[in-house]
Amino acid sequence: MTKTGGGGRVARGGGPGHRFYSVLVFVVLASLDNVAIGLVPPLYAPISSTLGVNTSAIGLVTAISFLVSAIAAVGWAYFGDRTNRKPLLMIGTLLWAVGTAGSAAAGNYPDFFGAAGGYPAFFLAQAVAAIGLGAVGSVGFSVVTDLISPRRRGLVMSFWGLSQGIGTLAGTLLGGILGSTDWRLPFLVLSVAGLVATVLYLFTYDIQRGQSEPELAQALATGHEYDYRISRADLPRILNRRTNRWLILQGLTAQAAFGSLVWLPVLFQERAQDQGFSSSTAIIIGSVFATLFQLGGVLSIVGGLVGDALQRRTPRGRALVAAVGILAAVPFYLVLFFVPIRIDVPDGAGAGTVISSVVGSVFTEPTVGFSLLTALLALALTSANSPNWFALIADVNPPEHRGTVYSLGNLVNGVGRAAGNGLVGIAFQGLRAAFPPPLNFAVGLAAFQLFFIPTGIMYWLASRTSPKDIKNVHTLLQSRADDAAPHP
């Protein structure tokens, strides 16, 4: 740690209002990037029709976009752990805004790519957006952890994770409602929102690395700067930290299950069409049902609070909460996909009428109400994963490693999510011979939720290794703070 003078780079600024504004911008952007993720699946059918390809080809774009974003995040995070993070976040935001706008333009300029130019143009635009999205999650995570004390990490990270979940829901809803008549419109709306977010970044301040750590508080208060930065030599040490290995690997199976849930709107669209509804009405029905059924993610706040409370009693606490939540959710998911739902809405009516009818059916149709309750319980339990995963990464790693560890976990998450999203689409087609739609969708989704079982086991293993890794981080930071203290 080094002493900084009046011309030092560290930003002291920002009173409580400025800090709150800065955190709010980061959380809003985390939400917006997940709006982009949730935007495409409800629109698979109209996009594929416009571009002249089948829906599985558009699903492939989504799957590859997950992977591209995860790979890009590793590079963004590594540079973020070495340099000023604010410019990287602004560049990333601009990239995904441009890519989202380009997605809306796909199919309008076929001469550029040839006769079938719409699909490759859409593919390229989504890839550009995915590269930009990689910066928001990984670099943004590093920034936010520097604002949160260890005692409240679970709670605050639940809001960070919740903003992402809300973003995904908003994307599903935005795509289903605005895109029911013109699939390009939600992409244009979101690209404008991305440009606004970039402008808002200009007024945030550079958050000091390590400023939330109790061991560093005295040194930072006396004008020292936490100047440790990641290097290539640190990468083996990161992977040798046993808790990191479990936190990274669990994403492969967890996201295979979560990635398959991107098809949830399609399941309910198929159910609606099976009951005789037109395609445009079915898209709205599927999007609204999927949005309602994922509201249980709001209860991630409870998972964060429980993780904080148990962590104060035992250093195994966060990992144990995540393990129990993931494993207990599996039976509820299996029930959700097979409960028959009677849909009673006016076919061909406006979006507002269809939405109000679907929401009203929660109280008037017992099967819909039961399905909603089941979904809320399933999502509430699995949502304990997110805040405790975020908090554990911060707990077992020093500040200069956190963005990179998060991005490595996110890379594995991206592989799992891409696999879940892509392979479940293939599974639906394969199951079609034995199970006619929409039953093939229900069977395929149920099978993929079994990936949560090894996820829960890996969290239990992380609960056994995390106490030692947390202690090592405390010792390291205290040693660095002692080195910075004046000696008699």
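Tutor: α2 (44–51), α3, α12 (264–274), α13 (279–293) and α19 each put in at least two residues of the lining of the largest pocket, and α12 gives the largest share, four residues. Helices here are DSSP runs of H or I, at least four residues, numbered from the N terminus. This is a predicted model, where local features need pLDDT of at least 70, side-chain atom pairs count only at pLDDT 80 or more, and totals for chains, interfaces and linings use all residues. Residues are numbered from 1 along each chain as its sequence is written, and side-chain values use heavy atoms, with hydrogens and water left out.

The largest pocket has a volume of about 290 Å³ (the space filled by probe spheres set on grid points, which are joined across faces, edges and corners). A pocket is an open set of points on a 1 Å grid over the protein atoms alone where a 1.4 Å probe fits, with protein on both sides within 12 Å along at least five of seven lines; lining residues have an atom within 4 Å of a point. Of the 19 lining residues, Thr55, Trp263, Val266, Glu270 and Phe441 are the closest to the pocket's centre. By class, the lining has ten nonpolar, seven polar and two charged residues (Ala, Val, Leu, Ile, Met, Phe, Trp, Tyr, Cys and Pro count as nonpolar, Asp, Glu, Lys and Arg as charged, and the others, Gly among them, as polar).

Now look at α3 (residues 55–80) and α19 (residues 402–431): their axes come within 8 Å and cross at roughly 170°. That makes α3 roughly antiparallel to α19 (over 145 degrees, with axes fitted to C-alpha atoms over the stretch in contact and angles running from 0 to 180 degrees between N-to-C directions). The residues of their contact (heavy atoms within 4.5 Å) divide into 13 nonpolar, nine polar and one charged.

Back to Trp263. The structure holds 18 aromatic pairs (ring centres within 6.5 Å, using the six-membered ring for Trp). Trp263 and Phe428 form one that is edge-to-face, 5.3 Å centre to centre with 75° between the planes (edge-to-face means over 60 degrees). Trp263 sits in the loop between α11 (242–260) and α12 and Phe428 in α19, so the pair ties together parts 165 residues apart in sequence.

Definitions and conventions: Parallel < 35°, antiparallel > 145°, perpendicular 65-115°, else oblique. Phe/Tyr/Trp six-rings, centres within 6.5 Å; stacked < 30°, edge-to-face > 60°.
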